[in-house]
Amino acid sequence: MKILVKTVFWISIFMLFVITAACSGGDSSTNSADSSEGGTAEAADQKLRSNQEDPYVGFALDTLREDRWYRDKDAFEAAVQEQGGQVKTLAANGNQDIQIQQARLLINEGVDVLVVVPTEAEGASEIVSMAHDAGVKVISYDRLIRGADVDHYVSFDNEKVGELQAEAILNQTGEGNVAYVGGAESDNNAVLFREGAMNVLNSRMESGDINLVYDSYTEGWDPETAREDLSSFLNSNDVSLDAVIAANDGTAGGVIEALGNQAGDIPVSGQDAELEAIRRIVEGTQTMTVYKSMEDLAGRAAGIALNMAAGEDIPAETTVENGQGGIPSTLLEPVTVTEENIDETLIESGYLTEEEVYGN
Ligand code: GAL
């Protein structure tokens with residue numbers, strides 16, 4: 001047992017080294033221009049530390065697996081630099097221990113503010129106490145850190161995301177057997193998305209119109225797990241589905257695979273406006289997705305981070321309860337996207353091109 005613990009410990013340290021080394025090569029762009037000029041990580045860091053009068057922001061991401069996080073990374077780095085700051089991004093590959101190590105690394109590097117997309121809502125609370133001990137403020141980005149005195153939370157109205165998904169699906173089929181395929185339960189957003197969907201479904205379940213025949217979170221938001229879980233449910237239960245509320249486009253993709261030749265006949269929701277999902281909406285196998293402007297989110301978060309670094313008080317539009325108290329928060333509006341409004345919502349805004357979506 002002791003040997004096993006030690007082995008796991010050294011493997012995670014090794015993983016941390018590999019990921020952080022990889023980040024300083026690719027993902028962590030102090031100033032993406034530096035890395036593209038073939039400058040080494042050390043040179044980039046040298047240059048970074050030499051500009052210490054500039055506010056220095058650390059961006060600790062959970063993962064870069066979903067497309068949206070690349071957009072968040074690029075938009076956040078650009079927004080910080082445009083507003084005169086320096087930024088370094090690290091991604092933890094879905095591993096909370098690695099995220100804590102990377103946060104410690106950014107704190108030791110002298111960041112003024114840490115912006116965190118927590119891998120685990122509770123597990124990331126350690127980062128807040130570590131940062132505060134070093135006099136560093138913490139912003140929870142998109143996902144809320146629970147059980148800690150977070151300085152500000154910037155996200156979308158995530159309960160509304162769930163409501164939009166359930167409403168769009170019930171517009172397609174007002175009665176029958178519904179499956180709820182949630183995200184990772186360790187992600188506070190997944191809990192809020194589900195609460196929003198249940199806000200809409202509850203009355204329809206009470207009236208008997210809707211039967212919630214399947215209701216499950218998906219470990220790590222993994223599309224393959226979503227597919228396997230729903231497939232094994234369908235294979236071991238003599239039940240037909242009339243609709244599926246999937247929490248994001250990744251899990252929606254897994255669900256649509258699990259539906260096999262029923263795909264297109266059964267409405268399926270999503271979230272994140274991923275290109276693959278938009279193409280599924282055009283071909284008719286997915287019903288809708290929820291668009292959340294990462295540019296707006298990143299721009300707001302960068303502004304708040306730099307004002308915080310300048311020692312300014314940040315006005316709170318609202319507060320969100322995280323078990324430690326009401327966290328000052330800024331929540332943006334999500335938007336439903338169906339085949340009807342793809343052009344005006346995603347193409348006219350330049351988020352996607354006509355070529356990408358329709359192949360014209
Ligand atoms: C959630 C996020 C979603 C989705 C998911 C998987 O927290 O709000 O947009 O991408 O994580 O990473």
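This is a predicted model: local features need pLDDT of at least 70, side-chain atom pairs count only at pLDDT 80 or more; totals for chains, interfaces and linings use all residues.
In which handedness of crossing, left-handed or right-handed, does H5 pass H6?

Residues are numbered from 1 along each chain as its sequence is written, and side-chain values use heavy atoms, with hydrogens and water left out.

**View 1. Seven strands line up in an open sheet.** The order is S2-S1-S3-S4-S5-S11-S10, with mixed pairing. Strands (E, at least two residues) and helices (H or I, at least four) are DSSP runs, numbered from the N terminus, and two strands pair if DSSP finds at least two bridges between them. S2 (86-91) and S10 (318-321) sit at the edges with a single partner strand each, so one side of each has no neighbour in the sheet. On average, neighbouring strands here are turned by 30 degrees against each other, direction ignored.

**View 2. Strand S5 is mostly covered.** Five of the five residues in S5 (residues 152-156) are buried, meaning under 20% relative accessible area with a 1.4 Å probe, protein chains only. His152, Val154 and Phe156 take one side, Tyr153 and Ser155 the other, and both faces are covered.

**View 3. S5 pairs with S4 and with S11.** S4 (residues 137-141) runs parallel to S5, joined by three bridges, and Tyr141 stands opposite Val154. Four bridges tie S5 to S11 (residues 326-332), also in parallel; here Phe156 faces Leu332.

**View 4. S10 meets S11 antiparallel.** Four bridges hold this pair together. One to look for: Thr319 has Pro328 in S11 as its bridge partner.

**View 5. Helices H5 and H6 pack together.** H5 (residues 96-108) and H6 (residues 125-133) pack at about 15 degrees, with axes 10 Å apart; axes are lines fitted to C-alpha atoms over the stretch in contact, and angles run from 0 to 180 degrees between N-to-C directions. That makes the two helices roughly parallel, the label for angles under 35 degrees. And the opening question: H5 passes H6 in a right-handed crossing, meaning the near helix is turned clockwise from the far one by less than a right angle.

Conventions: Buried means under 20% relative accessible area, exposed over 50%, partly exposed in between (1.4 Å probe, protein chains only). Angles under 35 degrees count as roughly parallel, over 145 as roughly antiparallel, 65 to 115 as roughly perpendicular and the rest as oblique.
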